[in-house]
Amino acid sequence: MKPEVRFCTARDGVKLAYTVSGDGPPLVRAQHWFTHLEHDWNNPAVRPWTDLSKRYTLLRFDQRGTGLSDREVPEISLEAHVRDLEAVVDAARFERFALLGLSQGAAFAIAYTARHPERVSHLVICGGFARGWARRSLRPEALEQMETLVKLIEQGWGSSDPSFRQVFATQFMPDASLAAVHAFNDLMPLTASARTAATIFKANSVLDVQVEARQIRCPALVLHARGELRIPFEEGRIIAGLIPGSRFVPLETRNHLMTEDEPAWRHFLEALAAFYPPAGAPPGANAFPALTGASARFSI
C-alpha cells in the first residue's frame, strides 16, 4: 500500500511533498532528482529504494520543482535544498536520525549534517559527489559532453520520442533489464518539466560541499559503484577522504541506480545493516562506531 503523502512549507513558501513509511530506526533520504512520490512505489527502476521502509522508518520527499512538490519555484540552490531538508524533518518530527544521500542528494546530506550535527546520528552516502561536474577541472571535450546533455534535456525531456531520454537511462542503468530501463525512461518526464530538469542539472554542476564534508564527525559510510558511468568512482573516494573516520565500500556494478536482483544491491543492504542496524537487529550490531580522527578509513 502506498504511504500517505503529506505537505509542509519551506521558508520561501514552496510546498514540499513527503511520506513516512515503515517501522524501525529513523532513516531520512535526502532529496534528489528523479523522484515522484506517486509513482516511485511501483516503478521497478526506483522501487528498491522505497523498499528500505521494510527495514527502517523511512522519510522521503520530492525535491522542489519535482514530483508532487511545487513545480514552479523561486530558487534551486544548495541553500534552498538544505532549508527544505530542515523543513521536512521538522514537519515529520524526526528528532535524531540517519541521513541517506544518493547521487546529488549526497551534497545536500553533507551540508545538512555539517550544520546540524545534533540531528544526524549516522551519514550514508551512495553514488554521490561533493563537487559538481563544473568544479572538477574537466577536459574541454568532457565539458562539451556535459553541455550537450543540457541541450538534450531542454529539447527532448518531454518529447514523445524516448530516444532523447535513453541517453540518461543507459548512463544511470547500463546493465539493468530492458524493463527497468524503460520504466526509468518513462519516469523521467513525470518528475519535472524540461525547463526545470535543465535548471536542476546546471545547478548540480556547481555544487561544492568539500568544506562541509571535512566538518562531519558522526559515523559515515560511503559507497560507490566501481564501474559506474554517471558519477566517477573517484568522486566517492574523494568524499570518503574528506569525511574524518568514514568507511568506504566499493560496489561491484556499473549501475548508478542498482537493481534489486544484482549482487551489488545485496552488498549495499548488508553494509547498511552493519552500519545502521535495522528493525530486529540484535543489540550492539553497529559494526562501525564513531571515529573522530583526522584520517578516513578505507575498505577497498
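Start by selecting Phe34 and Trp157: both are buried. Keep in mind that you are looking at a predicted model.

Trp33, Trp133, Phe168, Phe172, Phe184 and Phe201 join Phe34 and Trp157 in a cluster linked by ring pairs. The model has 17 aromatic pairs by this count.

Next stop: Trp49 and Trp265. Are they buried or exposed? Both are buried. Their rings form an edge-to-face pair, with 4.8 Å from centre to centre and 80° between the planes. Trp49 sits in helix H1 and Trp265 in helix H10, so this pair ties together parts of the chain 216 residues apart in sequence.

Keep Trp49 selected and bring up what it touches. Beyond its neighbours within four places in sequence, Trp49 contacts Arg29, Leu58, Leu100, Leu102, Cys126, Leu257, Met258, Trp265 and Phe268.

Now zoom out to the core. The largest nonpolar core has 51 residues, and Trp49, Leu52, Met173, Phe184, Leu223 and Phe268 touch the most other members. Which helix gives this core its largest share? Pick helix H10 (residues 263-275), which supplies seven residues. There is also a second, separate core of 46 residues; select Tyr18, Leu59, Ala111 and Leu207 to see some of its members. As background, nonpolar side chains tend to be buried together in soluble globular proteins.

Switch to cartoon for the strands and pick S6 (residues 120-126), where seven of the seven residues are buried. On one pairing, S6 runs parallel to strand S5 (residues 97-102), joined by six bridges; find Ala98 opposite His122 in S6. Trace the chain from S5 through helix H3 (residues 105-115) to S6, and you have followed a right-handed β-α-β crossover. S6 also pairs with strand S7 (residues 220-225), again parallel, over four bridges. Here, Ile125 has Val222 in S7 as its bridge partner.

Arg136 lies over the face of the Phe129 ring, 5.3 Å from the ring centre.

Conventions. Residues numbered from 1 in each chain as written. Predicted model: local features only at pLDDT ≥ 70, side-chain atom pairs only at ≥ 80, totals over all residues. Heavy atoms only, no water. Core = buried A, V, L, I, M, F, W, Y, C linked by side-chain atoms within 4.5 Å. Buried < 20%, exposed > 50% of the residue type's maximum accessible area, 1.4 Å probe, protein only. Helix = DSSP H or I, 4+ residues; strand = E, 2+ residues; numbered from the N terminus. Contact = heavy atoms within 4.5 Å. Phe/Tyr/Trp six-rings, centres within 6.5 Å; stacked < 30°, edge-to-face > 60°. Lys NZ or Arg CZ within 6 Å of the ring centre and 35° of its normal. Pairing = 2+ DSSP bridges. Right-handed = clockwise from strand over helix to strand, strands pointing away.
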